[in-house]
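Me: I would like to learn how to read the contacts between the parts of a protein model. Could we go through them one at a time?

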Amino acid sequence: MNFVCNTDMTERLKKKVLIIGAGIAGLEAAVQLMNLNYDVEVIEKENFYGGHVKQWFKTFPDFQDTKPLIDLIAGKPDNLNIHFGSVPGFAEEQNGIFHVITDKNLHIHADAVLISTGFELFDAHRKEEYGYGIFNHVITNADLESFFQNGFPETGKLSLRFGFIHCVGSRDAKAGNLYCSKVCCATAVKQAIEVRQHFPDSEVYCFYMDMRMFGKQYEELFQQAQEKYGIHFVRARLSEVNQNFDQSLLIKVEDTLTSKPMKMSLDYIVLMSGMEPSVSSQSIATLFGIALDNEGFIKVSKPFIAENITEKKGLFVAGTATGPKTITETLNDARSAALAVHQYLNSK
Amino acid sequence: MSELIEHLKNDIRIRESLNACIHCGTCTAICPAASFYDYDPRELTAQVHEIISRQDEDKLKELLSGDYIWYCGECMSCKTRCPKDNVPGVIIEALRSLSQDSGLFAESEKGRQQLMIKRSIGEWILNYGYCVVGDHLNLDLFPEQGPNWQWVLDNIELVFEKQGAHFMKEGSGAMRKVPQQDLDELYEIFKVTGGLKRFETIEKFSETKAQQMGMEFDETHDCEYFKHVYTHNSKK
Amino acid sequence: MSDKKFGFSIHSDRQHNLDLADKRLYRKIALMEPSLQRCIFCGGCASTCTASAFTQMSFRLISLHLRRGNLKEVKSYASKCMLCGKCTMVCPRDINIRHVIVLLKKEFSGNEF
Amino acid sequence: MELTGKQKIWEKYQKEIPSDSYYYARSCIRQNFWPGSENTFIKILREELGKDIKDEAHHTTCTGIAYHSDVVPLETTMTVVARQFSLMSESGYEHFVPSCITSFGLYTEILETWHEHPEIEQTIRNFLKESTGRTFEKPKFLIHPSDVIYSLRYEILKKARYRLINIETGRPLQCVEHIGCHYAKMFPDAGVGGAEFPHVLAGMVEAWGGEVIDYPERRSCCGFGFRQYLVQANRGYSIANTKRKFESMEPYKPDLIVTNCPGCPYFLDRWQYVISEMEGKIYGGDGYGIPALTYEELAGLVLGYNPWELGLQMHQVSVEPLLRKMGFLYDPADKYVVGNQIIQDRPDHPDVLKVL
């Protein structure tokens, strides 16, 4: 089958696809669908596109700046039609046509809808014992990215000790998330290296349960972190954080490989908050009457063979709205979703 | 099917507090016993999980006969932490119950100490209606109480009266004498629910053990065996 | 020794304090054999180790204890090694384990911990 | 970053505390070592605040200490607890207030177990019926007396005669609060402020003018460990725990320790004496040690009650230095006067720890 747009189709009245969410999944799918000659409209709750990636400084494993990457995706078509600061407030389907009204009272009639509402970072406040929002130097992976982008607060100290805490809000029944958030191990290694580059005199520890370096070049990155940057990896999960008299942070873990309780002082603790289902995904699922899976992500109709198709005809899903994904996976998923939409509309 | 393992498996505390362990060590990190004994609640949890899933009765007997299950202080700090909803401290409760009810407690130094607890706290409950009774807490058994407590003991009725307490007097109030009818009800509860049976089991196996160890044994706090289990610590 | 008056002594704390760990030897060895830094504590070395069949030898634990500054343990384990080199052959991170042990043995010769 | 984390947590863990009609169950340890504290609690509620609190003769231990020292089976403990509820129902009360934290934790756990497993509750009902002929209603509210004092802390403040302020410096007294593990570690929702940053004592301290110290070992156990203290051979565990806490709080120079659980002040008090005897070490206070009080004693001091009726002479660590800091007017001689009798005996002095 030939997926490239053909002349028959251009002559027909263009079919419309509504994409909800202008993160990298929504953007990539939009571009692909426009190339397939569909009329695409995107609504985005924020006033910018690029989603979480936009707030990230660099990617792993290759330390690319994120900004050019987003421009590369979004910059392809000049006429990308995005309604910023809008969320769907009403949705109805009749005879295969979706009628969506936004909170700004914009009416959209679409032949297909693609949900790309992404994820939310786990709110680290919920791990009360980690002291986020209580102790000044307990930060999250997202805070650290913003420090990289906007500069670190003055510390007055050169030889800082950093501790990266993996699995924050992931693999945790107490947090309600039993799944692995997948990208945090690689993110931690990336950020640990960046910290060492930023503060050459610093000492960096990663506290992990399992190093899940599954992607191409990830394991190499891990090895580089150990060898080239002297980053220490300790198999442990953080139990609690306290503050020392000198204001440094005291952590308690078990050094599981020697079976001993262990404590150490740190200047910064970076919590690797995992991916959680976004609130938007949940409200949109309710709006369109589709189900969520056990973890609260949008449920796909058939694993493996229809990962982008929801249980409702004409309603598609792409990116981290269905579960944690890397940037590469998200972009591939978006292309796959575009294809699924195309197949659907082509056979309609 | 092993009876011991069935018993353990059906204990509500095991049913509610034992899941697969991911060996993260958040329990051990803050466990007081892990700091001050050679003990690791993470390993304990994994061990019990394995015993049950493999039906390994020999391993269970070994565990119930050893010191390892007696180190935990049941502070339950582990309950707050575990990301898999395990509670090593509650698993310990189930193991200790089984160790006593099977008599295996008498095989370990730490397990044998249960006799002292039965003969103090245990009996005070039935005799007075309290777990702790001040005038039994003398400085011979509890020297750390210090000179002020000795002074309290020497003048206990007056000191308690000063604070509005009713030391072993009728009526309500602190350290009042619990009426006999209530003690009778407690006794009946212990009889019906297995409390007395556990006491008897502790006594019975302790006596046998004392004979094996060649130590004098009677019902007092002064016999050789009682003093031995109360004070002996081979680890230090 | 139990205190005479009270009948017990204050237990010592097993908790490891990483702030106080002496990491000088680790740094020194890692400088001479940088591949040591790549260790992922998989235990491949220990499971193939000839000495570990008869003693407590485990290079995995040497690697850990060296990083934690537990030099007594490191010395004791290292003394068990017969330098057969099987561990070096199985290491998935290609660490020159044999060389690390040779360096440690040199370090400890004449030094009592 | 805005550091409002603690406030947010405190808002999250505010439990409903009924304002009147309490059925009080006394604590084995509190009655023995701090009998004045229990009476002070009743006095504050009845006399200062006009509340109804039932204090009757027929209730007993919950067996908690024996249960956690493992000599009493779970079924026995549950049935004894059911009997306590039966006494409460019989008296026409619905708000159960156990003085002990071990009890409070155990009651919470048992109610939770019964909720999850109604068949167990039925078994226990049958046991109770068979052994005593009793039936029972479950309490509508299970609250700890410290929850009650917490909820009334500002009313107590209105009647306060003293503040937790050093009258010489005008600065807040530095207070260590120690919660007691079984208050909220097992069921964070059961405690005011939750398990990690409990507010129940911190709220009292702050309301009454003091400042709470957050030291690294704040969350650690006092070291009781049930069998680990009860058996002499194991006491090295108990004291080691407490010592670790003292060492951790020492740099903050605490003026006092306030506790929630009846057992904790015992260990935080007595082990200071033992450490001083064994190692010659005294934590803080010009050789006098750090007074470890119950929250009832603290409330009583704020209200200006006679320290010797509160029972402060039963502590091994002398409280007089604290009373002086607060500017508390007290009669040193009254320590030994009971009615028209005078106790002639005086306690011996420890070898190292200074006492008054």
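Reply: Let us begin with domains, whose bounds come from an automatic or database domain assignment. For chain A, the assignment gives domain 1 (7-118 + 278-347) and domain 2 (124-274), and the C-alpha centres of these two domains of chain A lie 33 Å apart. Before we go on, note that this is a predicted model, in which local features need pLDDT of at least 70 and side-chain atom pairs count only at pLDDT 80 or more, while totals for chains, interfaces and linings use all residues. Residues are numbered from 1 along each chain as its sequence is written, chains are lettered from A and ligands numbered from 1 in the order in which they are written, and side-chain values use heavy atoms, with hydrogens and water left out.

Me: What is pLDDT, and what mean value does chain D have?

Reply: The term pLDDT stands for the predictor's confidence in each residue, from 0 to 100. In chain D the mean pLDDT is 96, and 99% of the residues of chain D reach 70 or more. The model as a whole scores ipTM 0.94 and pTM 0.95.

Me: How many residues does each domain of chain A bring to the contact?

Reply: Contact means heavy atoms within 4.5 Å. By that rule, 15 residues from domain 1 of chain A and 21 residues from domain 2 of chain A take part.

Me: How is the size of such an interface given?

Reply: It is often given as the accessible area lost when the parts come together. Here buried area is the accessible area (1.4 Å probe) that two parts lose on being put together, summed over both. Domain 1 and domain 2 of chain A bury about 1500 Å² between them, and 69% of that area is on carbon and sulfur atoms.

Me: How many residues of chain B and of chain D are in contact?

Reply: In this interface, 89 residues of chain B are in contact with 96 residues of chain D. Chain B and chain D bury about 7600 Å² between them, 58% of it on carbon and sulfur atoms. Within chain B, the residues that lose the most area to chain D are Trp151(B), Lys162(B) and Gln163(B), together 11% of what that side buries. The rule finds seven salt bridges across the interface of chain B and chain D, and in one salt bridge the side chains of Lys162(B) and Asp334(D) meet at 3.0 Å, N to O. Helix H13 (residues 180-193) of chain B gives the most to the side of chain B that touches chain D, with nine residues.

Me: How are the two domains of chain D assigned?

Reply: The assignment gives domain 1 (19-145) and domain 2 (146-342) of chain D, with their C-alpha centres 25 Å apart. In contact are 34 residues of domain 1 of chain D and 38 residues of domain 2 of chain D. The area buried between these domains of chain D is about 3200 Å², of which carbon and sulfur atoms give 70%. In domain 1 of chain D, Trp34(D), Glu48(D) and Ile101(D) lose the most area to domain 2 of chain D, together 21% of what that side buries. The count between the two domains of chain D is one salt bridge, and Arg30(D) forms a salt bridge with Glu296(D), the closest N and O atoms being 3.1 Å apart.

Key. Salt bridge = Lys/Arg side-chain N within 4 Å of Asp/Glu carboxyl O. Helix = DSSP H or I, 4+ residues; strand = E, 2+ residues; numbered from the N terminus.
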